[in-house]
Amino acid sequence: MAFKKFTASHTHQKPDPRFKSDLVQKFINSMMIKGKKSVAQRVFYDAMDIIAKKVKDAPPLDVFTQAVDNVKPYIEVRSKRVGGATYQVPMQVNQRRRLSLALRWIRQAAREKKGKPMSERLADELLAAYKKEGAAIQTRENVHRMAEANKAFAHFAW
């Protein structure tokens, strides 16, 4: 009997039950700790309920997708060895890496805040990213600033 191995890739991932969105499911999977998906789902859905109460003019799913789009970086620096020196070379970020970086930065920013339940911290960070402010946006700006500062080494990007 042949056993088919499934990987946690975008081809096998099913949309989340509440919003029917692949992006939401990807974020919930990235938030999960030790395989506890139900906990991650509860945290995310509670955060969306908080967003729904705070933002009246847009549905929470639109706020989430706009927040993720606002955090996505367009350019990043990568280390490249040329001769004996290592240069920080600015390079464009491909689509899938942009998404994973945005989700990671939002998740990290929410986890680094302390003193509130995770759902409130996540809601605050998503609202901040929606308004183009907050720790995740700051991380993106730092990455863009680094790329801008190292523009002189762009000719090493081959």
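Helices (H or I, at least four residues) and strands (E, at least two) are DSSP runs, numbered from the N terminus.

The model is predicted, so I noted its limits: local features need pLDDT of at least 70, side-chain atom pairs count only at pLDDT 80 or more, and totals for chains, interfaces and linings use all residues. Residues are numbered from 1 along each chain as its sequence is written, and side-chain values use heavy atoms, with hydrogens and water left out.

Next I checked K72, in the loop between α3 (60-71) and β1. K72 counts as buried because its relative accessibility is 11%; buried means under 20% relative accessible area, exposed over 50%, partly exposed in between (1.4 Å probe, protein chains only). The K72 side chain makes a polar contact of 3.3 Å with that of D69 (a pair of N or O atoms within 3.5 Å, one able to donate a hydrogen and the other to accept it; residues adjacent in sequence count only if both atoms are side-chain atoms). Beyond four places in sequence, K72 is in contact (heavy atoms within 4.5 Å) with Q95, R98, L99, A102 and R140.

Last, I turned to α2 (residues 37-54). Its buried residues include F44, Y45 and M48, and the buried residues of α2 pack against α1 (22-31), α3 and α5 (118-130).
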